[in-house]
Amino acid sequence: MKQSSNSPNLDRLDRRILQRLQRDGRMTNADLAKAVNASPATCHRRTERLFKDGYIRRVRAEIAPEKVDRGTLVIVGVVLDRSTPESFGAFEAAVRKLPFVLDCHLVAGDFDFFLKIRVRDIADFNRLHGEQLIALPAVRQTRTFFVMKEVVDNAILDF
């Protein structure tokens, strides 16, 4: 069962717009308005507000990684040598500059961060690991997980 949004600023129409755009960000305003049963003017005004209020961060194409020679998915657990705001900040600033890092998450548990990385192959990852990942500020240890099969990736939000 779907949970309703806790945001008082979202009504049923806003949620329908968000759900449709999440499935197909290329919908024209006319098609979107028809799909959510609203006038094109209302739909456009609502969509603009959803962008302005930060509900929609951006619209972009989802590229097939294997088509652009990035078919190998790697998850890297990172442990920092110190748990200080300075070491976390230095690591986060440095990792933001690495174009091959798709996601970086601060986590609780055995690791400090998890990185999601796409590369050509294991040799490509090995090069990046040796030249850039272990050279990041405050890195004490990394643990690498090569993804064997992507079961669910970048699923739509259920709300």
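Which side chains meet in a salt bridge at 3.5 Å, N to O? I began my notes on this predicted model with that point, and I found the side chains of Glu 131 and Arg 127.

**Entry 1: a salt bridge within a helix**

I placed both residues in helix α5, which covers residues 122-133. Glu 131 and Arg 127 are four residues apart there, about one turn of the helix. I then looked up the cover of Arg 127 and noted that this residue is partly exposed, at 36% relative accessibility.

**Entry 2: the chain as a whole**

I next recorded the overall layout. The chain holds five helices and four strands. Read from the N terminus, the order of elements is α-α-α-β-α-β-β-α-β. The radius of gyration is 20 Å, well over the 15 Å that the globule rule gives for 159 residues, so the chain is more spread out than a compact globule. I noted a C-alpha trace that spans about 55 × 40 × 30 Å along the principal axes.

I also looked up burial and contacts. Of the 159 residues in the chain, 33% are buried. Among contacts between residues at least 6 apart in sequence, 64% join residues at least 24 apart. The accessible surface amounts to about 11100 Å², and carbon and sulfur atoms account for 50% of this area.

**Entry 3: strand β3 and its partners**

I turned to β3, which spans residues 113-119. Six of the seven residues of β3 are buried, which leaves the strand mostly covered. I found β3 paired with strand β1 (residues 72-80) in the antiparallel sense, over seven bridges. Strand β2 also runs antiparallel to β3, and five bridges join the two.

Asp 103 is partly exposed, with a relative accessible area of 28%.

**Entry 4: the loop between β2 and β3**

Where is Asp 112 found? I located Asp 112 in the loop between β2 (101-106) and β3. The hairpin of these strands has six residues between them, and Gly 109 takes a positive phi near 125° there.

Is Asp 112 buried or exposed? With a relative accessible area of 14%, Asp 112 is buried. Leaving aside residues up to four places away in sequence, I listed its contacts as Val 78, Val 79, Leu 80, Phe 88, His 105, Leu 106 and Val 107.

**Entry 5: aromatic pairs**

I counted five aromatic pairs. One of them is a tilted pair of Phe 111 and Phe 114, with 5.2 Å centre to centre and 50° between the planes. Phe 111 is buried at 12% relative accessibility, whereas Phe 114 is partly exposed at 28%.

Phe 111 also forms an edge-to-face pair with Phe 145, at 6.5 Å centre to centre and 85° between the planes. Phe 111 lies in the loop between β2 and β3 and Phe 145 in strand β4 (residues 139-146), so this pair ties together parts that are 34 residues apart in sequence. Phe 145 is partly exposed, with a relative accessible area of 36%.

**Entry 6: the remaining salt bridges**

How many salt bridges does a search of the whole structure find? I recorded 12. One of these pairs is Arg 46 with Asp 11, whose closest N and O atoms are 2.8 Å apart. The pair links distant parts of the chain, with Arg 46 in helix α3 (residues 40-52) and Asp 11 in the segment before α1 (12-23), 35 residues apart. Asp 11 is partly exposed, with a relative accessible area of 31%.

Conventions
Residues numbered from 1 in each chain as written. Predicted model: local features only at pLDDT ≥ 70, side-chain atom pairs only at ≥ 80, totals over all residues. Heavy atoms only, no water. Buried < 20%, exposed > 50% of the residue type's maximum accessible area, 1.4 Å probe, protein only. Contact = heavy atoms within 4.5 Å. Pairing = 2+ DSSP bridges. Phe/Tyr/Trp six-rings, centres within 6.5 Å; stacked < 30°, edge-to-face > 60°. Rg over C-alpha atoms; globule rule 2.2 N^0.38 Å. Areas by Shrake-Rupley, 256 points an atom, 1.4 Å probe, with all protein chains shown as cover. Salt bridge = Lys/Arg side-chain N within 4 Å of Asp/Glu carboxyl O.
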